[in-house]
Amino acid sequence: MLTAGAMTLRMRFAPSPSGYLHVGNVRSTLFTWLWCQSQGGRFILRVEDTDQERSSIDSVRAVLDDLQWLGLQWDEGPEVGGPYAPYFQSERRAIYKQHTEQLIREGKAYRCYCTKEELDAQREALKAKNPKANFVYPGTCRDRKDQPDLPFVVRFRSPTTGSTDFTDRVFGFISTPNSAQQDFVLMRTDGYPLYNLAATIDDHLMDITFVVRGRDHIGNTPQQILLYRAFGWEPPEFGHLPMMLSQKGEKLSKRNADVSVKDYRDRGYTPMGILNYLVRFGWSFGDQEIFSRQQLIDLFNWDHVNKGDGKFDERKFADVAFEQLKRPELTPLDEYIAYVRPFLAARGIENPNEDLLRRAIPGIRERARNLVDAAFDLDFYFRDPPELDEKAKQKFLTPAAAPHLSALRGVLESVSEFAPEPLEAAFKRWLEASGLSLKEVAQPARVALTGRSASPPLFDVMAALGKELSLERLARGAEIARAG
RNA sequence: GGCCCCGUCGUCUAGCGGUUAGGACGUCGGCCUCUCACGCCGAUAACACGAGUUCGAUUCUCGUCGGGGUCACCA
């Protein structure tokens, strides 16, 4: 139907910089980005900042930062430029004005002098008579003569018969009767374009071939198609995604700071942890749940995109994020280190010993569900002496345990290779000779070494800490235990 | 209310006429174990309802009910 084939795929993400980037936006962007990656398409970022009241430069910055952190880099747009610049709609006003004037000249749009107040009054009057009535602009100014001295908005002259149809990549054929359409506003009194006008003009001028966005835009699509036709342009393909609802089933909004990318980043989720959860929301690949970035690029397709809305599940999200963090093939050691560094810094550990960090991370991988936890789990390795948990101290660093710790220190002093196996062997020999059980000694030793009653396996901890630190901590633990 | 869309365990989902309706999260048991975890085993729980079509419907059609989106000089 639409021109395809030889034409290069060009897709876009067009955020309005009026708040944090939330997970719903990210999912649309992710699907867009993935499809561009796999099809060799171009991914364009366009900032829809035509609403001066709501847009802010800080929000632009936040959106760009979040996208880059997630690894959803755009090929054209702010910072990287491109052949269709500028990519900020606020800098394209002349273009919208020119196109609007063209529509007016051709009689496809007209100036409307009704004020907001007048319209609001009409709407209220109607509602007063019949609360369920649907107010539509009555077309008051459709054929009104120009009033050079009055402020005006520009309205589109919508058809009243027939229907506007399109075939959605996800939802299939969607037909909307034009009788349900009204003369929607294209340009405000202040000369700024409204969303449908600006998006349509830019999508065409920027050669966008495939528009992917949330289902909340389905109602805008007929209006935009009407505009494409009015300009004599060919509409792109459209693909709408089902809604991502909050846990409670409400629409996600930018005011919901608790579902913003920034928030999950602060909570210690990695980019792939976030993307992996989001990609499975509305898309599936059989029973597979966990994917690498490259797998996603290779496997993503539109055949398995669902239509049904869904509710966001915090616990499932946490689990997917954990799964990504846990597996070394998904988060290699070097990446893990880079990710966890800021969280260690937040705990006051600014320059952790690199070797120690490398040795310690394998032991905490399977128990840290996120990077906040990881930094906590790693903490005792780098703090000397380790922070001592009061309860653990009282329970295990008792006078009775003191001689055991001293003895253990002596035993380990003679171990030359500080690796888990030799350590365990030496430990067990000593237990056998002294008639002690591992259970009796393990917890006091753990508290001495880590300051806590829960940690990775003892021998792994000692191996990671190394001989010097291990002996030092056992000695100190024995001292504390003796003092009771 | 108009227009549009959707409907499989509590949640994300597999299924594309014949299945003991599968997986994952969660929850509840158990195993493993030096602690905490990881892991493993098991249990729990779903085709909204009603008519058709068909030898046979979770699957196709229609209706009902339910849910959602949208109807701005926001995007």
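**Reading a predicted protein model with RNA strand B**

Student: Which residues come nearest to RNA strand B?

Tutor: A residue is near a strand if its C-beta atom, placed from the backbone, lies within 6 Å of it. Of the 63 residues around RNA strand B, those that come nearest are Glu48, Tyr195, Gly310, Arg367 and Ala454. Two or more residues each are given to this surface by several elements, including helix H4 (116-129), strand E6 (172-177) and helix H17 (438-450). Helices (H or I, at least four residues) and strands (E, at least two) are DSSP runs, numbered from the N terminus.

Student: How many residues of the surface near RNA strand B are nonpolar, polar and charged?

Tutor: Ala, Val, Leu, Ile, Met, Phe, Trp, Tyr, Cys and Pro count as nonpolar, Asp, Glu, Lys and Arg as charged, and the others, Gly among them, as polar. Here the surface has 20 nonpolar, 20 polar and 23 charged residues. Its largest share, 5 residues, comes from H17.

Student: Which residues of H17 are buried?

Tutor: A residue is buried if 20 or more other C-beta atoms lie within 10 Å of its own, exposed if 12 or fewer, and partly exposed in between, with C-beta atoms placed from the backbone. In H17 the buried residues are Val441, Pro444, Ala445, Arg446, Val447, Ala448, Leu449 and Thr450. They pack against helices H13 (371-382), H14 (390-396), H15 (402-413), H18 and H19 (467-483); a contact requires C-beta atoms, placed from the backbone, within 7 Å. Just after H17, Gly451 takes a positive phi of about 80°.

Student: How is the pairing of two strands read?

Tutor: Two strands pair if DSSP finds at least two bridges between them. Strand E8 (residues 210-214) and E9 run parallel, joined by 5 bridges, and Val211 stands opposite Phe238 in E9. Together with helix H6 (residues 220-231), E8 and E9 make a right-handed β-α-β unit. Right-handed here says that, with the strands pointing away from the viewer, the path from the first strand over the helix to the second runs clockwise.

Student: Why is strand E9 described as largely enclosed?

Tutor: Strand E9 (residues 237-241) has 4 of its 5 residues buried, so the rest of the structure largely encloses it. In the loop between E9 and strand E10 (244-245) lies Pro242, which counts as partly exposed because it has 18 C-beta neighbours inside 10 Å.

Student: Is Glu79 buried or exposed?

Tutor: Glu79 is exposed, because 9 other C-beta atoms lie within 10 Å.

Technical notes: Residues numbered from 1 in each chain as written. Chains lettered and ligands numbered in written order. Predicted model: local features only at pLDDT ≥ 70, side-chain atom pairs only at ≥ 80, totals over all residues. Contact = placed C-beta atoms within 7 Å.
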